[in-house]
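I opened the notebook to look up a few things in one chain. The entries follow in the order I made them.

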Amino acid sequence: MTKDKQHRILLRPTRVELKAEKGTPLRDLLFEQGVEFPCGGQGRCHGCRVKVLEGAASVNRTQQDRLTREELAGGWRLACQCVTEGDLVIELRQWDAAILADDTPFAFQPRPGLGVAVDVGTTTLVTQLLDLTTGRVLAVRTGLNAQARHGADVMSRVRLAGVKGGQRELEELIRSQIGKLIGQLLFAANASSAEIRDVVLVGNTVMHHLFCGINVEPLSHYPFETPKPGLMSFHLQNLGWKLPGEPRIRFLPCLGGFVGSDILGGILATRLGESEEAVGLVDLGTNGEIVIGNRDRMLCASTAAGPAFEGARISMGMLASTGAISEVRIEDGQVRCYVLGHREPRGICGSGLVDAAAAGLELGMIEPSGRFAHGAKQWTLAPPVSLTQNDVRELQLAKGAIAAGMRMLLDRWGEKRPSRLYLAGAFGNYISRSSAQRIGLLDFPPEQVEPAGNTALLGAKLALFSLDGEDGSYAELRNRIEHVPLNADPRFQEVFVEELSFPARNFVYD
Ligand code: FES
């Protein structure tokens, strides 16, 4: 890898400064800053538009086709199609007032002061500071959840919480980390003395309970339900945070079992609860969460997918960051790998893993049972990154859990199958929909599947603007949502085992 001169990339409005070598895809740089690429960087949507304020970014054929002449002349580019060519100052459309949910700007009631939206993920925390008058994002800070050192998935956190002092330790870790991230947001936006009016947090049930100080012991055994999944409010003193103003701090309510307020946020962001037609929403995290419904009725469920989609328990697995194989394609009968950050491969992330399995099935390297063909022990994708038999088994467990959960929820739904499925979360942004269908993870044609970005965070941002007329409990909406406890259904295990295999059918790879 050449050690070219580092170029400076300044982001507006957040004032983040990045450094990158010539030729580094903007997509890789911005993804690590929490920017979403709704069509997976295929140049098909406008979700990643940036405006070049200083410097130059070349226009390729895709951009000529997708952007108008006026837009191009005005400096607009598709970040997913650009590479670093020199120093740049760019403005991110995504963080402007038009907070996007399926490409429709949402109307908000301007309010004075600042607001903070927090997505408390099992693996990652994302925080945004918003100007409540303009809706603009002023700063973004992300971090790995400090609890992750105690285990990658929610059940490992629940186990630690069961040990003496464990729940308290996890609570202190998450509260203090989020408090620090909010302090960093204010510093980055030069707003240390501005008034914060509202802080809205969303997360799955375990994250909700650990932050709020609610005992997670009931989530460690059947029926995996807790008596207090509701809205929780705090004062600064409760949390030990030192912030300007006297903000209302609210963790939005959960929906039941392991289905938390991240999914409530997803329902708000995708407007699933207002849809006439049936729509699905899936969050492919360590704790897979699924919703199917329309404006009359909604069903939700969770299924323990494990951490394979986030690269954990995979021999060379890693999160989607620099050096991760994030895409595997077949070109002229050969495997081609795309590495994030334009670097030598260091490992493979979830989207790369799903692609690799799909490619392996197409090339006959992997059998529908999941076994490597011809007794092979491993498959080298791009040295030094290989897949082992155990990696494929881990992927099968994750995909089996999601596919079984979806199948059982669709059976329970009983009405017309949804013709649109939103994929929530960073993984949903990057995963190839064809590969997801090929391995039987999502039994939906790619054209019906729509990456929806970080819908949990979008929902938290929407809540920042609607809390004045709403106490944040979303009681009416929650009344229309039925939680389906899959683990209470004796059929689940049987369906899960059936869904462990990969589909054997021939498939046209795009
Ligand atoms: S056009 Fe770039 S992510 Fe869709």
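Is Cys300 buried or exposed? I found Cys300 buried, with a relative accessible area of 0%; buried means under 20%, exposed over 50% and partly exposed in between, with a 1.4 Å probe and protein chains only.

I noted that this is a predicted model, where local features need pLDDT of at least 70, side-chain atom pairs count only at pLDDT 80 or more, and totals for chains, interfaces and linings use all residues. Residues are numbered from 1 along each chain as its sequence is written, and side-chain values use heavy atoms, without hydrogens and water.

Next I looked for disulfides (pairs of cysteine sulfur atoms within 2.5 Å) and found zero. The cysteine sulfur closest to that of Cys300 is in Cys254, 10 Å away, so it is too far for a bond. For Cys337 the closest is in Cys349, at 11 Å, also too far for a bond. Cys337 is partly exposed, with a relative accessible area of 26%.

Then I turned to two helices. The axes of α4 (residues 154–161) and α6 (residues 205–212) come within 10 Å and cross at roughly 30°; axes are lines fitted to C-alpha atoms over the stretch in contact, and angles run from 0 to 180 degrees between N-to-C directions. In contact (heavy atoms within 4.5 Å) are Val154, Arg157, Val158 and Ala161 of α4 with Val206, Met207 and Leu210 of α6.

Last, I checked the whole chain. Of its 510 residues, 60% are buried. The C-alpha atoms fill a box of roughly 65 × 60 × 45 Å along the principal axes.

Technical notes:
Helix = DSSP H or I, 4+ residues; strand = E, 2+ residues; numbered from the N terminus.
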